[in-house]
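Biologist: I have just opened this entry and would like to learn how to read it feature by feature. Could you take me through it slowly, giving the general idea before each case?

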Amino acid sequence: MATKFDAIIIGTGQAGPSLAARMTREGMKTAIIERKLFGGTCVNVGCIPTKALVASARAAHMARRGPDFGVTIDGSIKVDMKQVKARKDGIVRQSNQGVTNWLGNMENLTVYQGHGRFESANSVRVNGDLLEAEKIILNVGGRAFVPDMPGVDDVDYLTNSSIMEVDFLPEHLVIIGGSYIGLEFAQMYRRFGSAVTVVEMGPRLIGREDEEVSATVKDILEQEGIAVRLQAACIGLEQRGDQVAVTASCEPGPEAIVGSHVLLAVGRKPNTHDLGLDKAGVETDPRGFITVDDQLRSNVPGIWAIGDVNGRGAFTHTSYNDYEILAANMFDDDPRRVTDRITTYGLFIDPPLGRVGMTEREVRESGRKALVGKMMMARVGRARERSETQGFMKVLIDAETKKILGAAILGIGGDEIIHSLLDVMYADAPYSVIQRAMHIHPTVTELIPTMLGDLKPLE
Ligand SMILES: Cc1cc2nc3c(=O)[nH]c(=O)nc-3n(C[C@H](O)[C@H](O)[C@H](O)COP(=O)(O)OP(=O)(O)OC[C@H]3O[C@@H](n4cnc5c(N)ncnc54)[C@H](O)[C@@H]3O)c2cc1C
């Protein structure tokens, strides 16, 4: 006999718990299923722990930079990795407990701990229980992608999840993958004291960004002593005693990078292979992401997919925004859509990158007439006062409508400052609005009007 619900949510990532709260508030008898840790990737092995670790790494970095500010520290600067991990674990525990207690105390909600799998388009089995509902929402997220590279099965490698258990200093961490996740780990472990090599297949780091962003990020990392190996076309792994050798070149030769530990950071894979999607008839794309329409409906009526699993975003904020879109459509008669949102994200190295909208390459490809403004952080008073002058700000403007098309702020506070442009974009206002605003002195943001006053045609 199946237990009947109005809705079943599988996965407690960044969208499921909020949706459960809304559904139960609307009087729906709801079930939520989680097979592992409440709160999912971001809370347990993603954003929260990495940013906690980045903060420890920055503290070590700033302690070493003490003399730049006239601060003398007697004795050497040491990083206690057990303490670093304990601090991170404490922060994670608080968030994980928060979600666990929130769900546990939610009226009208039944929490199942186990693996959920479709039995049909309106039924799901978890442990020995069969649940039935007219509405089923998938928030199952993803996991680290382990590529089928030579030797991968013969070595002990770390992923973003297993590296969370590390409470010692790797002597030499080799990171395969020069994108967002890999670079955050690269800088933090270098600052903790490891030797770090980043091995990237492509011709540059964070290949989705404009070339000058990639080049400046590479400079920032290299200045801290991180080795970057690009165009590693034939990556292979080999255990050599207690070391791991990473080959990067397609030619045979002695070119292997030998490290004490290897982190695989080459992308994420959706958790769709073990959901029984075939029993429900839910379609995925060739990479396994559930195909959804602009309002997050799968091809099967009554089944939605929200968060990373739909391939329409890979961030906590896109997952949460999916929840908002679904709830608006389901309960508020508000036809919000995925395509209403403006791309935005951060790269949390130090200094961070804040990004919004189109890159310069995308603007060029669109063929529209555009203006570009750029300012080096070295010109920004606040950055100089803080002796943190790496990076630059860049903004792209539509030459006809005067609307902001995109921006990159790579520099101190870039992850926060970018929102001042993002909100103007949401307001659909021209950039001149920013020029008329009075900003606080001394801040980095106060220089954005100056940058906008010196726009040049994008050649
Ligand atoms: C190292 C790292 C750093 C990151 N940093 C950032 C950042 O700074 N900013 C940012 O915006 N994003 C960041 N992200 C991405 C972010 O973590 C995800 O985009 C976010 O967690 C949204 O995921 P989600 O809601 O789709 O599901 P997830 O958070 O992945 O949760 C899915 C949940 O579903 C459960 N589940 C899966 N299958 C089943 C099943 N069959 N039955 C029951 N339960 C199931 C899983 O156990 C999991 O708990 C980072 C990711 C990583 C890996």
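Modeller: Gladly, with the reminder that this is a predicted model.

Biologist: Which residues lie nearest the centre of the second largest pocket, and how many line it?

Modeller: The lining consists of 13 residues, and those nearest the centre are Val54, Arg58, Ile349, Asp350 and Pro352.

Biologist: How should I read a sheet, and what is the order of the strands in the open sheet of five?

Modeller: Strands of a sheet pair through backbone hydrogen bonds, either parallel or antiparallel. Here the open sheet of five strands runs in the order β4-β3-β2-β8-β18, and its pairing is parallel. The edges are held by β4 (109-113) and β18 (303-305), each of which has a single partner strand, so one side of each is left without a neighbour in the sheet. On average, neighbouring strands of this sheet are turned by 15° against each other, if direction is ignored.

Biologist: How many bridges join β2 to β3?

Modeller: Strand β2 (residues 7-10) and strand β3 (residues 30-34), which run parallel, are joined by four bridges. Isoleucine 8 has alanine 31 as its bridge partner in β3, while the bridge partner of isoleucine 9 in β3 is isoleucine 32.

Biologist: And which way do the side chains of β2 point?

Modeller: In a regular strand the side chains alternate between the two faces of the sheet. In β2, Ala7 and Ile9 point one way and Ile8 and Ile10 the other way, and all of these are buried.

Biologist: Where would I find an antiparallel pair to set beside this one?

Modeller: Strands β5 (residues 116-120) and β6 (residues 123-126) run antiparallel and are joined by four bridges. A hairpin of two residues leads from β5 to β6, and serine 120 stands opposite serine 123 in β6.

Biologist: Is serine 319 buried or exposed?

Modeller: Serine 319, which is found in helix α8 (residues 316-331), has a relative accessible area of 3% and is therefore buried, the limit being under 20%. Apart from neighbours within four places in sequence, serine 319 is in contact with Gln14, Ala15, Asn139 and Gly307.

Biologist: Turning to the backbone, which peptide bonds are cis?

Modeller: One of them runs from aspartate 350 to proline 351, with omega near 0°, and proline 351 lies in the loop between β19 (344-347) and β20 (353-357). Asp350 also belongs to the residues nearest the centre of the second largest pocket. A cis peptide bond also joins histidine 441 and proline 442, where omega is about -5°, and proline 442 is found in the loop between α12 (432-436) and α13 (448-452).

Biologist: What is the phi of asparagine 108, and what is that of lysine 402?

Modeller: Asparagine 108 has a phi near 80°, a positive value in a residue other than glycine; this residue lies in the loop between α4 (81-104) and β4 and is partly exposed, with a relative accessible area of 39%. Lysine 402, in the loop between β22 (392-398) and β23 (404-410), has a phi near 65°, again positive in a residue other than glycine. Lysine 402 is partly exposed, with a relative accessible area of 35%.

Notes. Residues numbered from 1 in each chain as written. Predicted model: local features only at pLDDT ≥ 70, side-chain atom pairs only at ≥ 80, totals over all residues. Heavy atoms only, no water. 1 Å grid on protein atoms, 1.4 Å probe; cavity = no way out; pocket = protein on both sides within 12 Å on 5 of 7 lines; lining within 4 Å. Pairing = 2+ DSSP bridges. Axes fitted to C-alpha atoms, helices over the stretch in contact; angles between N-to-C directions. Buried < 20%, exposed > 50% of the residue type's maximum accessible area, 1.4 Å probe, protein only. Contact = heavy atoms within 4.5 Å.
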